[in-house]
Amino acid sequence: MRNFLWIAITLIGIASCNQQSEKTGYVNNTKVVSDFSEMKIAKEKWTKKNNEVRAELEEKAKQFQIEVQGYQNIMKSMSKTNREKKEQELLVKQQGLQREQQTRMQEIQQGSQAEIDSIISKVEGFIKDYGKKNGYTYIYGETEVKNIFYAKEELDLTDKIISELNGGEATEDKK
């Protein structure tokens, strides 16, 4: 019985030592990604591209409206055949403009999403490497849905990760 008790105490001691040596931290995923300089640059780039394409499409839509108004001004003087022909031509142009708008906006959305996904993967890889390099057993991620309700502030690695991602030389606390 004494041996059993001794073994149990030893195992409890070993388990508590192992638990104490585990290093954990957490990051606010949303903040890390949104404060990452590459993400800011990507957002600016895609916002600019979106605005340029919208302006170009709006100009084409205005030109189309001018053409429609011109047709409406002279349609009463046109023969029925010519009116039908012009209306068909305008309908085809309108459908073409709508297809172009859909295609261009879809290209922007897909390009933007691909770049964002790439940046998120880069951040995830960086955090994994950071954890390995700095001896972490776990680094948890916090999101908008608050999957971490409480943690000691000193376990929050968010600002350190952002600093290092953006080229800063944040140093790891000695824990």
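These questions and answers look at ring pairs and charged pairs in a predicted model.

Reader: How many aromatic pairs does a search of the whole structure find?
Author: Rings pair if their centres lie within 6.5 Å. A search of the whole structure on that basis gives a count of two.

Reader: Are the planes of Y130 and Y136 stacked or edge-to-face?
Author: The ring centres are 6.2 Å apart. The planes meet at 25°. Planes under 30 degrees apart count as stacked, so the pair Y130 and Y136 is stacked.

Reader: Is Y130 buried or exposed?
Author: Y130 has a relative accessible area of 2%. Buried means under 20%, so Y130 is buried.

Reader: Which residue lies over the face of Y136?
Author: Y136 is itself buried, at 10% relative accessible area. A charge lies over its face, 4.7 Å from the ring centre. That residue is K23.

Reader: What is the centre to centre distance of Y138 and Y140?
Author: Y138 is partly exposed, at 40%. Y140 is partly exposed too, at 43%. Their rings are stacked, with 15° between the planes, and the centre to centre distance is 5.7 Å.

Reader: How many residues apart are E38 and K122?
Author: Their side chains meet in a salt bridge, 2.4 Å from N to O. E38 is in helix 3 and K122 in helix 4, so the pair links distant parts of the chain. The separation is 84 residues.

Reader: In which helix do K86 and E89 both lie?
Author: Their side chains form a salt bridge of 3.1 Å, N to O. The two residues are three apart, about one turn. Both lie in helix 4.

Conventions:
Residues numbered from 1 in each chain as written. Predicted model: local features only at pLDDT ≥ 70, side-chain atom pairs only at ≥ 80, totals over all residues. Heavy atoms only, no water. Phe/Tyr/Trp six-rings, centres within 6.5 Å; stacked < 30°, edge-to-face > 60°. Buried < 20%, exposed > 50% of the residue type's maximum accessible area, 1.4 Å probe, protein only. Lys NZ or Arg CZ within 6 Å of the ring centre and 35° of its normal. Salt bridge = Lys/Arg side-chain N within 4 Å of Asp/Glu carboxyl O. Helix = DSSP H or I, 4+ residues; strand = E, 2+ residues; numbered from the N terminus.
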